[in-house]
Amino acid sequence: MNTTRRATFLYLLFAQLGFTQTATIQFYPIEAESFRSIQSLQVQLPDKIITTHATQSGRHTIVVPLGTYDIGLQAKTRRRLNLSLVMQQAGEVKDLGQILFFGQVEDEMSFGVISLTEEELDSDSDESLSASTYLNTVSDVFYRTVAFHFSAAFFKPRGLDSSHRKVLINDIEMNKLNTGRPVWSNWGGLNDVMRNQIFAQGSQALLSHFGGLIGSTNINTSATQFGKGSRVTYSHSNRSYQHRLLVSYRSGVADNGWGYVAAFGLRRGLSGAQEGTFYDATSALLSVDKVISPQHQLNFTAIYTPVRRGKGSSYTKEVAEIKGNTYNSYWGWQNNIRRNARVARIAEPQLMLSHHWQPKPTLVWRTTIAYQFGETGNSRLDYPGGTNPDPTYYQKLLSYFLSTSSGPDYEKAFQAKSFFDQNGQIDWEAMYQANQTKTALGKAAAYALYEDREDQSSWAISSTLETQPNPNQQLHLSLRYRKMQSENFATPIDLLGGLPLQNADPYDHYAYDLDNPTTHSGLGDPYRYHYLFDANRVGLHTKFEVNTARWQATVASQMTHTAYQRYGLFRNGGYPNASKGRSKKISFFGIGIKAGAKINLMGRHWIDGNLAYIKRPPTLQNSFSNPRENNHIVGEFSNSPLKREAIVSAEMSYLFRSPATDIRLTVYGVQERDITDVSYFFADGIGGDTAAFIQEVVYGLAKDHIGLEWGMQIELLPELTLNSVAALGYHAHAKNPFTYATSQDFEEEFIDFGESKLKNTRLAVGPHNAFALGIGYQDPNFWRLGITYSYYTHSYLSISPIIRTQNFILDDDGLPFIDYNPEKAKDLLTPKRFDDYGLLNLTASKSWKINQMYIGWFMGINNILGQHIFLGDTNNHVVQIIAA
Amino acid sequence: MKQLFFIGFLFMISCTQKRDFDIPKNLGNEENEMLNDLLEKLDSGELTKVSFVQVRQLYNGREATQIDGKLVISGVVVSSDESGNFYKEIYIQDHPTNPTEGIKVMIDRRELHNKYNIGREVYLNISGLFVGEANRGDGVIAIGGGEDNDELVVMSEQQSIERVLRTKNTFEIGEKTITLTELMETHIGLFVTLKSVHFLSEEHGQPLVAAKDWYDTQREITQCIENTKTSFLLETSRFADFSDMPIPNGAIRVRGIITKTYNGSDLVLALNAYEDITPDDPSCSE
């Protein structure tokens with residue numbers, strides 16, 4: 001009897017005490033990348049778990065007990081955070097201000113990540129796909145691993161080139177009309193403000209675009225997507241550039257409907273991993289929104305990201321053995337500076353105006369009009385009156401003297417090696433002196449620095465209609481038109497103290513511009529070649545999607561019409577009747593169909609299948625065999641007209657998604673047929689013994705890609721995550737293509753080499769197989785640690801198609817070489833496979849909150865084991881500071 | 001915060017390669033230093049200047065020999081490889097306007113005219129270099145960098161940078177007129193002017209280098225003085241850019257360097273450029 005009453009009394013007393021011994025905390029939880037408010041949070045207090053909700057201003061308020069303890073905060077799709085509280089005064093209200101919630105570990109990394117390899121920066125080459133491209137695909141562990149680990153080893157998803165990766169900004173396709181590829185440097189350095197992306201995986205179609213085969217992204221720069229805030233990010237690395245600074249300010253949307261985002265950044269470096277590879281880039285973005293009414297919205301976006309960088313040369317093993325592997329043959333000393341002769345620069349600003357109209361929730365009509373213009377330049381040295389200034393010119397190296405037809409000349413080889421060892425860089429002074437001599441005699445410069453220019457200007461308009469005929473049906477229609485003109489020419493940019501150049505071939509003396517044969521080219525004048533390219537494309541895309549609780553089905557289609565034409569401004573002396581004026585206009589119809597379904601089996605299991613059939617035109621680049629010298633269209637001579645590429649893709653995935661586990665297993669197959677490729681190079685041994693600069697046209701290329709993608713992420717403990725990723729691939733030529741070559745130096749118009757025996761040889765697309773195993777530790781007290789080991793196998797050297805034709809065995813009269821040895825030939829022609837190798841990468845990060853400011857520190861060390869890969873680079877690390 | 005940003009900004013501005021490069025102010029300083037060093041050594045007696053004839057005497061006629069003493073020669077350049085008629089060699093004579101001797105110097109470098117232009121004064125430190133004939137018995141005793149099978153071998157580019165030094169002077173080469181009857185072996189290496197000579201009339205219009213010849217063609221030229229008709233040979237290499245140019249009719253004046261055929265059988269005249277053939281008053285009546 002007594003006990004009960006006492007117990008009750010005690011309970012009441014405690015409760016009362018409890019009621020008065022509390023305090024309140026309020027805070028504003030926001031998503032780290034976009035600064036959007038988090039609407040609901042699960043809070044773990046010492047005695048219970050509660051859910052809090054945001055007020056209109058994004059504020060959460062919680063009543064908490066007094067004392068010193070930790071509370072846990074968990075938002076959906078965000079990493080859990082711990083907060084240490086010291087509440088001593090009853091009734092106190094503590095304002096914790098903004099609290100950043102990050103998604104995956106790589107989110108922090110991606111704020112300042114510097115992982116651009118040489119390939120991505122060079123718009124000429126077929127860039128590998130890196131962090132910047134799969135940056136926000138947080139949901140998929142496979143793509144995240146491709147972005148942060150596999151990309152460093154030049155891995156290409158599904159062995160496909162980047163023209164199968166579609167990138168759009170505000171519905172406008174960024175893949176260039178002349179190469180079909182996205183040029184990452186057009187929006188480089190703006191990662192922070194371009195996080196608002198919709199990503200469609202693999203071969204799936206985007207909502208407003210047919211999409212590609214290895215992912216499609218639509219980036220939205222609208223200011224209304226961001227909450228108010230500012231950020232300064234500074235990063236440091238020793239990879240392609242050293243310093244990176246980005247400042248961004250988002251105003252949020254004001255009451256009068258105006259909102260804007262402004263971002264300005266710099267990327268600088270005197271030298272990357274290779275000597276003399278300086279980097280100088282600026283990034284600027286301005287996005288202004290006017291919300292006219294809840295249904296009408298306008299946006300104006302301007303993006304300008306000029307880049308200038310010194311290139312690094314690739315080099316042979318012979319050179320590396322003498323000079324080491326940070327050697328770069330493109331620079332030489334001038335006034336105590338490493339002056340690089342091969343500078344790439346891109347400056348192509350973009351302006352876009354978008355209109356968004358949503359008269360009712362189930363109907364949206366978006367239109368964007370965009371204009372881009374600017375210059376692309378690649379500089380190099382010309383030597384019309386001198387000798388080749390390249391220190392690694394093959395005739396200057398010891399291998400040349402060891403393989404002369406009269407037997408090895410050891411004396412000369414030794415002299416060459418010593419000379420290369422002591423010098424081995426560009427001799428700028430010798431070129432200035434030679435020009436001084438020439439100028440004194442009134443003659444044109446012997447050496448000059450010139451730039452190959454491509455100045456593009458393009459208009460694009462895109463209009464998309466999205467409707468929902470039914471709550472579970474979506475229909476999208478979009479109409480697009482793009483028109484591009486590029487002016488292509490070379491121009492001297494530094495005459496090195498000499499007089500303007502003769503606009504004629506120094507060996508054969510024919511004029512590059514027959515109509516003006518005596519004109520000399522000075523700074524800024526067109527030189528060597530001058531022509532325009534016109535291209536336009538009109539396209540209609542449709543997508544129909546049905547969604548139910550258990551399954552989703554999609555059908556998408558695309559119809560395009562593309563036209564190309566060349567307009568020559570120089571009458572080239574080698575092709576006087578086929579260079580000036582308009583070329584034939586070539587046009588193609590393209591179609592595409594995609595169908596896919598995603599089915600939910602028993603809650604956590606999903607099956608996803610996608611099929612695609614595409615017929616697309618060859619790129620502008622691969623349609624003209626020699627645009628610098630003539631109007632010829634590929635296939636004109638060999639009587640095999642240009643064909644459209646035919647692509648068939650099929651993929652099937654099994655997915656398992658639970659709170660602690662994420663698994664995806666995909667099997668895919670892609671078949672590419674009727675591909676055309678044009679290459680330009682100096683070839684020795686053509687038609688017996690001739691050496692000439694040729695245009696090699698390969699047509700009828702057929703490639704098969706078959707493989708498997710596996711990604712698994714398991715949360716072993718709330719703080720410990722295990723990732724396992726694997727990509728297995730078989731990428732090979734499915735048929736023998738055909739090859740022919742044209743050249744000024746040939747007697748006939750072209751030489752037909754017939755079939756190239758490439759069938760069943762593996763493609764050079766980086767490692768065919770890649771594996772990664774990683775462990776991540778996420779401490780709720782704002783620090784993290786990650787370690788990943790990746791292993792790469794089956795990388796192959798690219799095979800030159802001409803070598804595997806009859807040209808290899810026939811002499812100039814069509815009969816086999818007398819000393820032809822089939823055994824030796826087989827040996828020489830064996831495809832070369834590179835050694836397998838592994839990389840160990842480490843990441844660590846910690847963030848602090850100081851008043852209203854966040855400071856984050858992130859460090860990544862790649863290739864800790866110092867593995868030397870002949871295709872990749874050596875140690876690098878990233879240090880980054882974030883302040884919000 | 002703002003200060004940090006500003007400092008970082010300044011720091012980054014400086015860390016990149018500039019866009020424009022000025023012409024270097026001190027071009028040729030290193031070469032100048034080497035030349036000054038050589039001239040000082042000549043003054044002090046550490047090096048001795050010798051004549052070309054004295055250098056040639058160091059050759060025993062059989063095998064290319066290394067030059068023992070600390071010797072220097074100097075002269076002006078009279079040949080040019082711009083047209084391709086000369087290749088990896090320069091001829092120098094001892095004086096621009098009153099030359100008495102000339103000599104060939106073999107250098108493993110192309111486009112030598114960009115550095116050793118016609119009229120350029122040069123000093124050669126030949127200590128340790130070699131003297132001999134490039135092709136045994138060819139009669140042109142020259143300076144080179146080594147020997148192979150007793151024959152003289154070209155000096156390397158690095159050797160030429162260190163040994164064949166230019167001064168700041170480029171002189172105008174004078175006209176040294178010689179008649180065909182006077183031409184002798186001692187004129188090898190000199191830049192001479194031959195007046196009033198004729199090509200063979202049956203060869204008028206044909207290219208300087210005949211289609212049938214692989215390497216070079218010798219074309220006969222004649223000069224008539226007081227009823228004596230003398231002949232000489234003009235040799236042109238297939239690799240000269242004027243090898244296709246036609247043999248002119250009528251009398252001409254021709255300027256070039258005296259040298260010998262590949263096998264040393266005859267003296268020949270070699271042109272620097274096609275423009276060195278100009279019209280002249282006839283000497284022979286045909």
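**Stop one: the sulfurs**

Count disulfides (pairs of cysteine sulfur atoms within 2.5 Å) over all chains and you get 1. To find the bond, select Cys224(B) and Cys284(B), whose sulfurs sit 1.8 Å apart. Look along the S-S bond: the angle about it is 105°, and the link is right-handed. Now colour by secondary structure, with helices (H or I, at least four residues) and strands (E, at least two) taken as DSSP runs numbered from the N terminus. Cys224(B) belongs to strand β13 (residues 216-225) of chain B, while Cys284(B) is in the segment after β17 (277-279) of chain B, so the bond ties together parts 60 residues apart in sequence.

A word on what you're looking at: this is a predicted model, so local features need pLDDT of at least 70 and side-chain atom pairs count only at pLDDT 80 or more, while totals for chains, interfaces and linings use all residues. Residues are numbered from 1 along each chain as its sequence is written, chains are lettered from A and ligands numbered from 1 in the order in which they are written, and side-chain values use heavy atoms, leaving out hydrogens and water.

**Stop two: inside chain B**

Select 31-170 of chain B as domain 1 and 180-279 as domain 2, bounds that come from an automatic or database domain assignment. Their centres, taken over C-alpha atoms, are 25 Å apart. Show the residues in contact (heavy atoms within 4.5 Å): domain 1 of chain B puts in 22 and domain 2 of chain B 23. Together these two domains bury about 1,500 Å², with 50% of it on carbon and sulfur atoms; that area is the accessible area (1.4 Å probe) lost on putting two parts together, summed over both.

For the domain 1 side, highlight β4 (89-93) and β5 (102-106) of chain B, each supplying at least two residues. The most comes from β4(B), with 3 residues.

**Stop three: chain A meets chain B**

Zoom out and select the contact between the chains: 45 residues from chain A and 34 from chain B. About 3,300 Å² is buried here, 60% of it on carbon and sulfur atoms. Look for 2 salt bridges (a side-chain nitrogen of Lys or Arg within 4 Å of a carboxyl oxygen of Asp or Glu). One of them pairs Glu82(B) with Lys443(A), with the closest N and O atoms 2.8 Å apart. On the chain A side, the elements supplying at least two residues each include α7 (410-422) and α8 (428-440). End on α8(A), which gives the largest share, 7 residues.
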